[in-house]
Amino acid sequence: MTSNDRDPSVGVGPQARWDGPDMGGSRSFSSSPQAPRWTPEQAGHGRGPRREEEEHKPRLSAWQEGIVLVVLAVLVAVVVKALFVQAFYIPSESMEPGLQGGPSVATDDRVLVEKPSYWLSGTPQRGDVVVFSDPGSWLGVDESAGPDNIIGQGLAVIGLYPEGGHLVKRVIGVPGDVIECCDKQGRLIVNGVPIDEPYARPSETKCGRPNKEGECFGPMPGSRHWEVGPVPEGSLFVMGDNRANSADSTVHMCTANETDCALVPWVPEENVVGKVVALGWPLDRAKWIHRPKSFEDVPSQ
């Protein structure tokens, strides 16, 4: 086959191109074949069914997207509350001076409680400030009540508003511990070790032995000196930091001279919601809350 027999549509070597009169009527050459040029109309005929399906796929309107986002936010908040962090308020003066609440202050403190610390094998430790559900008539009717309006109840469900029926106290004794009030300086004694508690507010009544020499960090109605324990397995002994004004384990225990007493001072560990890690409100008092070093030298029993 000669070069004259080749298909004229296949370019071999430089190709001539006529630029037309608008370009001066000159003839130019190109060393490569020219790609076909498609008009918009021709390109439209080449669209496949997939392209057409994507163009016709229904999209959510702005208000529908808003509803979806709100639902997702609520679900995330519920999961966070159930597994990680929850807000609570301080309903009374029992944790002063560190945490404030009750009629003596304008706004009850709001605290954040984290839950993962006590997952699996983790348990509350001495010195932890914990939130727990009422173990049995420790709270009055007003203190047990939660939010009294729909908005507050809704926010409580998702963890953005504190619930009722809970108490905030400090862990003093864990399973096996023996707690005693008090040494001659009025300090609590845990497993034979006196505890210095700079975070607590002592009673004005002195109870240091033998001559009531010191402030009392462990009072109880009807008895200035007491001993309790060992703390049963799976239980805690708790006290408020405001030692003269706290309905805690000391109020719910039987003294040595009581023969007919059915009070129970222990808080079941399963009632504990979590550990207080921060004071979040009011903002001018916001701070992190850590376990004190006061109990580091206390031996386990």
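I begin with two strands, β6 and β13, which run antiparallel and are joined by 3 bridges. Helices (H or I, at least four residues) and strands (E, at least two) are DSSP runs, numbered from the N terminus. Two strands are said to pair if DSSP finds at least two bridges between them. In general terms, the strands of a sheet pair through backbone hydrogen bonds, either parallel or antiparallel.

Before I continue, a word on the basis of what I say. This is a predicted model, in which local features need pLDDT of at least 70 and side-chain atom pairs count only at pLDDT 80 or more, while totals for chains, interfaces and linings use all residues. Residues are numbered from 1 along each chain as its sequence is written, and side-chain values use heavy atoms, with hydrogens and water left out.

Let us return to β13.

How many of the residues of β13 are buried? Buried means under 20% relative accessible area, exposed over 50%, and partly exposed in between, with a 1.4 Å probe and protein chains only. The count is 5 of the 5 residues, so β13 is largely enclosed by the rest of the structure. Both of its faces are covered: S235, F237 and M239 lie on one side, L236 and V238 lie on the other, and all are buried.

I turn now to the annotated residues. Which residues does UniProt list for "active site"? The entry, which is unreviewed, lists S94 and K169. They span 76 residues in sequence, yet no two of their C-alpha atoms are more than 8.0 Å apart, so they gather at one spot. UniProt positions are given in the numbering used here, feature names are shortened, and annotations may be inferred rather than shown by experiment.

S94 is found in the loop between β3 (85-89) and β4 (110-114), whereas K169 is found in strand β6, residues 166-173. Is S94 buried or exposed? At 6% relative accessibility, S94 counts as buried. K169 counts as buried as well, at 4%.

A contact means heavy atoms within 4.5 Å. Leaving aside neighbours within four places in sequence, S94 is in contact with several residues, among them K169, G240, D241 and S246.

Another polar contact, of 2.5 Å, joins the side chains of T250 and D248. T250 has its place in the loop between β13 (235-239) and β14 (267-268), and it is buried, with a relative accessible area of 2%.

Next, an open sheet. Its 4 strands follow the order β9-β8-β7-β12, with antiparallel pairing. At the edges stand β9 (193-194) and β12 (226-228), each with a single partner strand, so one side of each is left without a neighbour in the sheet. Strand β8, residues 188-190, pairs with β9 over 2 bridges, and V190 has V193 in β9 as its bridge partner.

The model also holds 1 disulfide, a disulfide being a pair of cysteine sulfur atoms within 2.5 Å. It joins C181 to C182, with an S to S distance of 2.3 Å. The link is left-handed, at -90 degrees about the S-S bond, and both C181 and C182 are buried.

Finally, confidence. pLDDT is the predictor's confidence in each residue, from 0 to 100. The protein chain has a mean pLDDT of 76, and 63% of its residues reach 70 or more. Over residues 1-16 the pLDDT is below 50, and this stretch has 12 contacts in the model beyond near neighbours in sequence. Over residues 25-32 the pLDDT likewise stays under 50, with 18 contacts beyond four places in sequence.

Key:
Polar contact = N/O pair within 3.5 Å; in protein donor to acceptor, adjacent residues only side chain to side chain.
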